[in-house]
Amino acid sequence: TTIEFNLARAAVARVDVFNLVGEELWSHDVQGKAGVNRVPFAMNTLENGIYLYKVETGGEHFTGRMMVNH
């Protein structure tokens, strides 16, 4: 799947994936561009369930949910 997010300007963004008890399962730094950014994420290592992802750049962050159903 792909994690998608928007940036107002180009910046390094950190993308983290967590389970619902707050354990970090995956982390990746990307050089984001202004506008829509897409980060590929292989969910095949995760069990079925709901996960949270956080995108952080500078002092701003966004948290979203995703569901895994194989």
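This is a predicted model: local features need pLDDT of at least 70, side-chain atom pairs count only at pLDDT 80 or more; totals for chains, interfaces and linings use all residues.
1. Largest pocket: extent and lining. The volume of the largest pocket is about 250 Å³. Its lining comprises 14 residues, and those nearest the centre of the pocket are N6, L7, A8, T57 and E60. By class, the lining residues of this pocket are six nonpolar, five polar and three charged.

2. Largest pocket: contributing strands. Three strands, β1 (2–7), β5 (49–57) and β6 (60–68), each provide at least two residues of the lining of the largest pocket.

3. Largest nonpolar core. This core has 15 residues, and F5 and V17 are the ones with the most contacts inside it. Beyond four places in sequence, the residues touched by F5 are A13, V15, V30, G35, V36, N37, V39 and V55. Two of these partners, N37 and V55, are taken up separately below.

4. Residue V55. This residue belongs to strand β5. Its relative accessible area is 5%, under the 20% limit, and V55 is therefore classed as buried. With neighbours within four places in sequence set aside, V55 is in contact with F5, A13, R14, V15, E60, H61 and F62. One of these, E60, is also among the residues nearest the centre of the largest pocket. As a distance check, V55 and D29 lie 26 residues apart along the chain, with their C-alpha atoms separated by 9.5 Å.

5. Residue N37. Strand β4 (residues 35–40) contains N37. Is this residue buried or exposed? N37 counts as buried because its relative accessibility is 8%, the limit being under 20%. A polar atom of the N37 side chain lies 3.0 Å from the backbone oxygen of G35. Leaving aside neighbours within four places in sequence, the contacts of N37 are I3, E4, F5, L7 and G32. Of these partners, L7 is also listed among the residues nearest the centre of the largest pocket.

6. Residue N19. The loop between β2 and β3 holds N19. At 14% relative accessibility, N19 falls under the 20% limit and so counts as buried. Which groups does the side chain of N19 reach? The backbone nitrogen of V21 is reached at 3.1 Å, and a polar contact of 2.6 Å is made with the side chain of E23. Not counting residues up to four places away in sequence, N19 touches L25 and Y51.

7. Residue L25. Strand β3 (residues 24–32) is the location of L25. Apart from neighbours within four places in sequence, L25 is in contact with V17, F18, N19, L46 and Y51. Among these partners, V17 is one of the residues with the most contacts inside the largest nonpolar core. The C-alpha atoms of L25 and T45 are 9.8 Å apart in space, for a separation of 20 residues in sequence.

Note on methods. Residues are numbered from 1 along each chain as its sequence is written. Side-chain values use heavy atoms; hydrogens and water are left out. On a 1 Å grid over the protein atoms alone, a cavity is a set of points where a 1.4 Å probe fits but cannot get out, and a pocket is an open set with protein on both sides within 12 Å along at least five of seven lines; lining residues have an atom within 4 Å of a point. Grid points are joined across faces, edges and corners, and a volume is the space filled by probe spheres set on the points. Helices (H or I, at least four residues) and strands (E, at least two) are DSSP runs, numbered from the N terminus. Ala, Val, Leu, Ile, Met, Phe, Trp, Tyr, Cys and Pro count as nonpolar, Asp, Glu, Lys and Arg as charged, and the others, Gly among them, as polar. Buried means under 20% relative accessible area, exposed over 50%, partly exposed in between (1.4 Å probe, protein chains only). A polar contact is a pair of N or O atoms within 3.5 Å; within protein, one must be able to donate a hydrogen and the other to accept it, and residues adjacent in sequence count only if both atoms are side-chain atoms. Contact means heavy atoms within 4.5 Å. A nonpolar core is a set of buried Ala, Val, Leu, Ile, Met, Phe, Trp, Tyr and Cys residues joined through side-chain atoms within 4.5 Å.
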